[in-house]
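Thanks for coming. I will take one structure today and go through its strands, then a few side chains. Please have the viewer open.

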Amino acid sequence: KSVGADLLAFPESQVREKLYTPNPKDQRDGNSRIRVVVRKRPLNSKEVQEDVIVVHSYNYMTLHEPKQRVDTTKYVEKHQYMFDEVFNEEDNNREVYTRCAKPLLDTVCAGGHATCFAYGQTGSGKT
């Protein structure tokens with residue numbers, strides 16, 4: 001499901017609530033499935049004024065990359081990404097655990113196999 005322009009007219013908090021419906025494919029039915037999940041970490045005091053990531057929904061985000069041309073003209077390049085799930089800076093560790101790690105542990109406890117690969121900046125909440 002792609003995010004249409006009509007949804008981008010809503011305030012971000014309403015878009016997240018409006019679009020969040022669990023994907024039926026997320027139900028663990030014993031089939032192998034790779035999920036890619038990202039989390040926007042809370043910004044530190046230096047970064048607050050330069051926030052470049054906007055989380056629009058449970059699986060859609062935009063990165064606004066500041067750039068500079070050879071003639072020193074500044075501009076922003078917009079990159080839009082869709083993932084299986086996107087957590088914003090307000091989502092806590094319990095929510096991330098419940099949606100990402102707990103299903104893997106349930107699979108392992110039921111005799112299955114699972115792997116969780118966490119990648120990110122030091123101190124960004126991988127543990």
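Which residue in E3 is the bridge partner of Ile53? Leu63 is that partner.

Before going on, the ground rules. This is a predicted model, in which local features need pLDDT of at least 70 and side-chain atom pairs count only at pLDDT 80 or more, while totals for chains, interfaces and linings use all residues. Residues are numbered from 1 along each chain as its sequence is written, and side-chain values use heavy atoms, with hydrogens and water left out.

Now the overall picture. The protein chain has two helices and five strands. Here helices (H or I, at least four residues) and strands (E, at least two) are DSSP runs, numbered from the N terminus. Read from that end, the order is α-β-β-β-β-β-α.

Back to the strands. E2 covers residues 53-55 and E3 covers residues 60-68; they run antiparallel and are joined by three bridges. Two strands pair if DSSP finds at least two bridges between them. Four residues lie between E2 and E3 in their hairpin.

On to E4, residues 74-82, which pairs with E3 in the antiparallel sense over nine bridges.

Next, side chains. The charged end of Arg69 sits over the ring of Tyr75, 4.1 Å from the ring centre. The criterion is NZ of Lys or CZ of Arg within 6 Å of the ring centre and within 35 degrees of the ring normal.

Lys74 is in strand E4. Is Lys74 buried or exposed? Lys74 counts as exposed, because its relative accessibility is 68%. The classes are buried under 20% relative accessible area, exposed over 50%, and partly exposed in between, with a 1.4 Å probe and protein chains only. Leaving out residues up to four places away in sequence, Lys74 touches Lys67 and Gln68; contact means heavy atoms within 4.5 Å.

Last, the chain totals. Of the 127 residues of the protein chain, 21% count as buried. Among contacts between residues at least 6 apart in sequence, 48% join residues at least 24 apart. The chain exposes about 9700 Å², with carbon and sulfur atoms supplying 53% of it; these areas come from the Shrake-Rupley method with a 1.4 Å probe, and for residues only the protein chains shown count as cover.
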